[in-house]
Amino acid sequence: MAKIYANNNIIQAIGKVAPNPNILTIEVLSEYRLTDFTGLDFGSNKYPSILIEYQTPTVYKYTIKCDSPTKIYISPAIVDYAMAITMNIPSTVTDVTNMLESSMSSQKTLKTITFTEVDTSNIVTMEGMFMGCGGLTSLDVSKFNTKNVTNMGYMFFSCDHLLELDLSN
């Protein structure tokens, strides 16, 4: 079967696209029109792409993509106004310190965080990863590989409504 390369993706002869596993994709749903994306830090010299569209007439959908990030930090300017976040963690990431930290310890807007494909095998610190996400009631981190993690301090600090935490793996 012939392979065709386009934009770092492999397109098989049958027309399917094999996604690049090094691309970080974050989808944020918010009722607010977010304008400050300067606090995004992906530890890369590559700039992220940001697509803004309507999910419904009252909810915005922000899709943020970055190729081969080494760090994931989503600024409180985004986290504080998010209702839901869906994201992957590529194997190139080594640092998620304060990844989804909220600046408001009583942040109740963010209700769900969904992780799709996850490769956390190179991460050393998860300190403050979900700090201040007070609206979360459940979280599934069962896909996380923590064999190299040496610091999980404050990982769930101020997650006051977190009732279900899946650590099964």
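Analyst: A nonpolar core is a set of buried Ala, Val, Leu, Ile, Met, Phe, Trp, Tyr and Cys residues joined through side-chain atoms within 4.5 Å. Buried means under 20% relative accessible area, with a 1.4 Å probe and protein chains only. This is a predicted model, where local features need pLDDT of at least 70 and side-chain atom pairs count only at pLDDT 80 or more, while totals for chains, interfaces and linings use all residues. Residues are numbered from 1 along each chain as its sequence is written, and side-chain values use heavy atoms, without hydrogens and water.

User: Which residues touch the most other members of the largest nonpolar core?

Analyst: I72, F115 and F130 do, in a core of 40 residues. Elements giving two or more residues to this core include β4 (23-30), β6 (59-67) and α1 (76-79); β6 provides the largest share, 4 residues. Helices (H or I, at least four residues) and strands (E, at least two) are DSSP runs, numbered from the N terminus. The protein chain has 1 helix and 10 strands.

User: Which residues does F115 touch?

Analyst: Contact means heavy atoms within 4.5 Å. Leaving out residues up to four places away in sequence, F115 touches M87, I89, M99, F130, L139, D140, K143 and F144.

User: How many disulfides are there?

Analyst: A disulfide is a pair of cysteine sulfur atoms within 2.5 Å. By that rule there are 0. For C133, the closest cysteine sulfur is in C159, at 5.5 Å, which is too far for a bond.

User: Is C133 buried or exposed?

Analyst: C133 is buried, at 0% relative accessibility. C66 is buried too, at 3%.

Key:
Buried means under 20% relative accessible area, exposed over 50%, partly exposed in between (1.4 Å probe, protein chains only).
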